[in-house]
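Please keep the sequence and the structure in view while reading.

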Amino acid sequence: MDYPDESVARRVERSLRPEIGDIEGDRTTARLAREGATLCVTVAADDLVALRAGCNTWLTLSSVAEAASQD
């Protein structure tokens, strides 16, 4: 995800970071990385159903974090 500036990406990252490892199931894992204003969430899954669910979860969480971080 690309943000207008690094501070927004940092706020979203800080919001999501505690969730890494806490919401993963038996079939999915997620990693979070940020470089400047770009935030990358990598979701790995055992099957397509789990991948879809994992991606939906992280996209929803990032949307909430983005909305909460707006000035």
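In what order do the elements of the protein run from the N terminus on? The order is α-β-β-α, and the secondary structure comes to two helices and two strands. Helices (H or I, at least four residues) and strands (E, at least two) are DSSP runs, numbered from the N terminus.

This is a predicted model, in which local features need pLDDT of at least 70 and side-chain atom pairs count only at pLDDT 80 or more, while totals for chains, interfaces and linings use all residues. Residues are numbered from 1 along each chain as its sequence is written, and side-chain values use heavy atoms, with hydrogens and water left out.

**Overall dimensions**

Along the principal axes, the C-alpha atoms of the protein fill a box of roughly 35 × 20 × 20 Å. Of the 71 residues, 24% count as buried (under 20% relative accessible area; exposed is over 50%, partly exposed in between; 1.4 Å probe, protein chains only). The protein exposes about 4,700 Å², of which carbon and sulfur atoms supply 50%; accessible areas come from the Shrake-Rupley method with a 1.4 Å probe.

**Salt bridges**

A search of the whole structure finds five salt bridges, each defined as a side-chain nitrogen of Lys or Arg within 4 Å of a carboxyl oxygen of Asp or Glu. Three of them are listed here.

| Pair | N to O distance |
|---|---|
| Arg 34 and Glu 6 | 3.3 Å |
| Glu 13 and Arg 34 | 2.7 Å |
| Asp 47 and Arg 27 | 3.0 Å |

Arg 34 meets Glu 6 in a salt bridge. Arg 34 lies in strand β1 (residues 28–35) and Glu 6 in helix α1 (residues 6–16), so the pair ties together parts that are 28 residues apart in sequence. Arg 34 is partly exposed at 26% relative accessibility, and Glu 6 is partly exposed at 38%.

Arg 34 also forms a salt bridge with Glu 13. Because Glu 13 lies in helix α1 and Arg 34 in strand β1, this pair ties together parts that are 21 residues apart in sequence. Glu 13 is buried, with a relative accessible area of 14%.

Asp 47 is partly exposed at 29% relative accessibility, as is Arg 27 at 40%.

Salt bridges that share partners join Glu 6, Arg 10, Glu 13, Arg 17 and Arg 34 into one network.
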